[in-house]
Amino acid sequence: MEKIIIFDTTLRDGEQSPGASLNTKQKLEIATQLSALGVDVIEAGFPASSVGDFEAVSTIAKKIKGPVVCGLARALKKDIDVCFDAIKYAKKNRVHVFLATSPIHMKYKLKMSPDDVFSRAIDAVKYAKSKTADVEFSAEDAARSELDFLCRVVEGVIDAGATTVNIPDTVGYSVPSEFGEIISRIFSRVPNIHKAVISVHCHNDLGLATANSISAAINGVRQIECTINGLGERAGNASLEEIVMILNTRKKLFNFETNIKTTEISKTSKLVSSLTGMLIQQNKAIVGGNAFAHEAGIHQHGVLAKAQTYEIMTPQSIGLKSSSIVLGKHSGRHAFEKKITELGFKLTGKEFEKAFSDFKLLADKKKNVYDEDIEAIIENEFAEEKQIYELSALFISSGSSVKPVAKIELKKDKKIFFADASGDGPVDSSYKAIEKIIGRKFKLLDYSLKSVSIGKDAVGEAIVKIEHKGKIFVGRGTSTDVLEASVKAYLSAINRILRTQIFADKNADIRR
Ligand code: KIV
Ligand code: ZN
């Protein structure tokens, strides 16, 4: 097995994504996670580009152990000096010098002749080499460069001491067969090619960054530059998670290995997305929200029977707990049955058919059907709708200098139950009185009160959330008296818990 070096440039090219800027603390947090992920090289920034970048690169160089810490520099002495000053703290450091080699860049951007570009590249590499042993040279816009000139530069910089030579497709113009051919020709034409690691850095303007990188690896490169979530200039760079999971999933085909701990992929992707504010497209390969979600009934049936029918890699391999079965209009009986079993319901064959047809009707109107929707379908259809406990009277005394006391009367099966209690305020007191009557305590997760109409006699709406056996039950109550609304909301959530339980027990009896 041959090793592919994973060079992560999330903090440099990735941070060049419009709107993705990061401060030093955030960059350090990402660098720490990249190190846990197992990347070989972290390109931490472009130190000469700003004081902030210099600070971030030097902080990372001081703190990160393990990966090589690399800084980018133009082929200018002053850039290389600043770059080295930032990375010198890292035990393993690298100066990455770049200079464009394509006719269009040399003519319009650099305004330099090919010979001048050649000499500048050699001088820059020699200068960087005088500072550190690990020097990378990038021939910017290599994919659109003339092959003869590109090969001349590659040979020259290797002679000058470059230990890695990078062949970027800077504008994402190439296609896999063509890019693979460029790499293959460089290997066959440059006599000293084996004295350096040959690398690629592909942009995604035509959506081919990952494919081009893999094609380059097949044709001999042993370093791939990439970013988490494919961040980067314009349409981004090749995405690290795609490259690594391709090489992993198709190991037998490629025979390549990387140092990446794939179970850290999901965590890293989420961290980068939350710190940069760059949301991950839902259907993004590997790390998108839908990458391990199944909606179509045929797929759900297949996955429930054997995951590999529709999953070529396991969700666990990228650090997710499991794949998900999303209930929607395409879902079938198998997925629906699994869901209701997970929710603790046991239905007879007839009840199941009725619930399934109600679910299909709802799914036609609603994009996603959530657990609460299914609970409501089942409760509405089969559980008795009546309130198990009803509020029959409420008396509360409270004030700035008196201890709050709540006296509550509840009706159940025509019988009246009474209790009083005192707590931290009138709402807490009344909830304690209810619990005394029912004979159990409930875990209140959330309580909110809002006005649902205007004026002094506005109706108040209270919403409570109670946790019971790991599930959340919501209750709602309205009244012009906010304390009564609060009591009704609590009772309605408790009634839901009790109904679900009675319903589950009743069905368990039917099965027994
Ligand atoms: O896209 C590019 O060519 C670059 C170089 C600096 C490597 O980002
Ligand atoms: Zn780039």
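**Note on the ligand site, strands and loops**

1. A polar side-chain atom of His-201 comes to 3.1 Å from an oxygen atom of ligand 1. For Thr-170, the distance from a polar side-chain atom to a ligand 1 oxygen is 2.6 Å. Asp-13 also places a polar side-chain atom 3.1 Å from an oxygen of ligand 1. On its own, ligand 1 has 260 Å² of accessible area, and the protein covers 94% of it. Accessible areas come from the Shrake-Rupley method with a 1.4 Å probe; for residues, only the protein chains shown count as cover. Strands (E, at least two residues) and helices (H or I, at least four) are DSSP runs, numbered from the N terminus.

2. The model is predicted: local features need pLDDT of at least 70, side-chain atom pairs count only at pLDDT 80 or more, and totals for chains, interfaces and linings use all residues. Residues are numbered from 1 along each chain as its sequence is written, chains are lettered from A and ligands numbered from 1 in the order in which they are written, and side-chain values use heavy atoms, with hydrogens and water left out.

3. Which residues are around ligand 1? They are Arg-12, Asp-13, His-96, Phe-98, Ser-138, Glu-140, Asn-166, Pro-168, Thr-170, His-201 and His-203. A residue is near a molecule if one of its heavy atoms lies within 4 Å of it. By class, the shell has 2 nonpolar, 6 polar and 3 charged residues. Here Ala, Val, Leu, Ile, Met, Phe, Trp, Tyr, Cys and Pro count as nonpolar, Asp, Glu, Lys and Arg as charged, and the others, Gly among them, as polar.

4. Strand β9 covers residues 223-226, and both of its faces are covered. Gln-223 and Glu-225 are buried on one side, Ile-224 and Cys-226 on the other. In a regular strand, side chains alternate between the two faces of the sheet. Buried means under 20% relative accessible area, exposed over 50%, and partly exposed in between (1.4 Å probe, protein chains only).

5. What joins β9 to strand β2 (residues 5-8)? There are 4 bridges, and the two strands run parallel. Phe-7 has Glu-225 as its bridge partner in β9. Strand β8 (residues 197-202) is joined to β9 by 3 bridges, again parallel. Val-200 is the bridge partner of Ile-224. Two strands pair if DSSP finds at least two bridges between them.

6. Look at Gln-223, which lies in β9. Its relative accessible area is 0%, so Gln-223 is buried. The Gln-223 side chain makes a polar contact of 3.1 Å with that of Arg-94. Another polar contact, of 3.3 Å, joins the Gln-223 and Glu-136 side chains. A polar contact is a pair of N or O atoms within 3.5 Å; within protein, one must be able to donate a hydrogen and the other to accept it, and residues adjacent in sequence count only if both atoms are side-chain atoms.

7. How many disulfides does the structure hold? The count is 0. A disulfide is a pair of cysteine sulfur atoms within 2.5 Å. The sulfur of Cys-70 has its closest cysteine sulfur in Cys-83, 6.8 Å away, so the gap is too far for a bond. Cys-70 is buried, at 0% relative accessible area. Cys-151 is in no disulfide either; the nearest cysteine sulfur, that of Cys-202, is 17 Å away. Cys-151 is buried too, at 7%.

8. Strands β17 (residues 460-468) and β18 (residues 471-479) run antiparallel, joined by 9 bridges. Lys-465 stands opposite Val-474 of β18. This hairpin has 2 residues between the strands, and Lys-469 takes a positive phi near 50° there.

9. Two further residues deserve a check. Arg-234 is not a glycine, yet has a positive phi of about 50°. Arg-234 sits in the loop between β9 and α9 (240-249) and is partly exposed, at 45% relative accessible area. Asp-413, also a residue other than glycine, has a positive phi near 50°. Asp-413 belongs to the loop between β14 (405-412) and β15 (415-421). Is Asp-413 buried or exposed? Asp-413 is exposed, with a relative accessible area of 53%.

10. Last, Glu-390 is in strand β13 (residues 390-397). Glu-390 is partly exposed, at 42% relative accessible area. Between Glu-390 and Glu-29 there are 361 residues of sequence separation and 53 Å in space, C-alpha to C-alpha.
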